Amino acid sequence: MTSVKKGIIMGMANKFSIACGISESLKDNGADLIFLVQTEYFKEKISEMAKNFSNNEIFVCDVIQDGAIEKTFDEIFEKFGPIDFIVHSIAFSDKNELQGKYLNTSRANFLNTMNISCYSFTEVCKNAQKIMPNGGSVLCLTYYGSEKVVPNYNVMAIAKAALESSVRYLANDLGEFGIRVNAISAGPIKTLAASGVGEFSKILEYDRNRSPLKRNVTQKDIADACVFLLSNMSAGITGEIIHVDCGCNTIGVNF
Ligand code: NAD
């Protein structure tokens, strides 16, 4: 029996978001959810969807704003008390630099990509300690492009490599407080963020044809693995990058 209680979901933009799939699986396993979205626009956009969940409160938290994560987590703690898990399902880069050569990445977009897609997770973990006095599980999403070259993934790959390394360091820092930190390395799935990556349909096609399971990963594949990592079923696992990609990382990508 899994046990997922009360948690925060960051990064729901629409029904295609990986965060949406994760929320559905968490709901099926009895969790209460609190949503954090980037802007008022997204708050409005997901408000109907959020009504399907038992705790449908939505907070706006643009992770690039200084102090936004701390302020929002403080508000949540005051209103809901201790939290058991947090899902960070957030990434951003200028789509003009998610095509062609990595070599042409600008300093401004490099820093912005790292800030939103990597540093924000460290800030989440730092503030998790306050809202998880009884311990808990924190999770982020990464992609195989951090390990091997995937055409067009470029600066996002560098941010994901840093994110994965952060997972290990953060797991080490937070272990003594009973807080586990892990990542799911998800196979490609069509979402708003993914549509910014050049030739994304080729990546999907490549994976579908070459993966050991001969199909693309689904939102539910990823979501169910997240539930495992967020629940007490994975109590002894921390600092790990778990691949949920129909086995694609075992064969690599080279189209
Ligand atoms: P998505 O576009 O649905 O979600 C990305 C989210 O990041 C959006 O909700 C967006 O609002 C949020 N975001 C961006 N900048 C933000 C900011 N400044 N403050 C707060 N939120 C911000 O796309 P997705 O594919 O569901 O992405 C979720 C995560 O999964 C990302 O980390 C992504 O890199 C990762 N991932 C995606 C795939 C894929 O193929 N789709 C594969 C592996 C990993």
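The legends below describe close-up views of one predicted model. Residues are numbered from 1 along each chain as its sequence is written, and side-chain values rest on heavy atoms, with hydrogens and water left out. Because the model is predicted, local features need pLDDT of at least 70 and side-chain atom pairs count only at pLDDT 80 or more, while totals for chains, interfaces and linings use all residues.

**View 1. The open sheet of seven strands.** The strand order is β3-β2-β1-β4-β5-β6-β7, with parallel pairing; strands are DSSP runs of E of at least two residues and helices are runs of H or I of at least four, numbered from the N terminus, and two strands pair if DSSP finds at least two bridges between them. The edge strands, each pairing on one side only, are β3 (58–60) and β7 (241–244). From one strand to the next the twist averages 20°. Within this sheet, β4 (residues 85–88) and β5 (residues 136–142) run parallel and are joined by four bridges, with Cys140 of β5 as the bridge partner of His88.

View 2. Five of the five residues of β1 (residues 6–10) are buried, so the strand is largely enclosed by the rest of the structure; buried means under 20% relative accessible area, exposed over 50% and partly exposed in between, with a 1.4 Å probe and protein chains only. In a regular strand the side chains alternate between the two faces of the sheet. In β1, Lys6, Ile8 and Met10 lie on one side and Gly7 and Ile9 on the other, and all are buried. The pairing of β1 with β2 (residues 32–37) is parallel and extends over five bridges, and Gly7 stands opposite Leu33 of β2.

**View 3. Helix α1 and its surroundings.** Helix α1 (residues 18–28) is mostly covered, with eight of its eleven residues buried, among them Ile18, Cys20, Ile22 and Leu26. The buried residues of α1 pack against β1, β2, α2, β4, β5 and α7 (219–230), where contact means heavy atoms within 4.5 Å. After α1 comes Gly30, whose phi is positive, near 90°.

**View 4. The packing of helices α4 and α5.** The axes of α4 (residues 107–131) and α5 (residues 154–174) come within 9 Å and cross at roughly 15°; axes are lines fitted to C-alpha atoms, for helices over the stretch in contact, and angles run from 0 to 180 degrees between N-to-C directions. That angle makes α4 roughly parallel to α5, a label for angles under 35 degrees. The contact includes Phe110, Met114 and Phe121 of α4 and Ile158, Leu163 and Leu170 of α5. By class, the contact has 14 nonpolar, six polar and no charged residues, where Ala, Val, Leu, Ile, Met, Phe, Trp, Tyr, Cys and Pro count as nonpolar, Asp, Glu, Lys and Arg as charged, and the others, Gly among them, as polar.

**View 5. Two residues with positive phi.** Most residues other than glycine have a negative phi. Asn154, which lies in α5, has a positive phi near 45° and counts as buried at 9% relative accessibility. Cys246, found in the segment after β7, has a positive phi of about 55° although it is not a glycine, and Cys246 also counts as buried, at 9% relative accessibility.

Key: Parallel < 35°, antiparallel > 145°, perpendicular 65-115°, else oblique.
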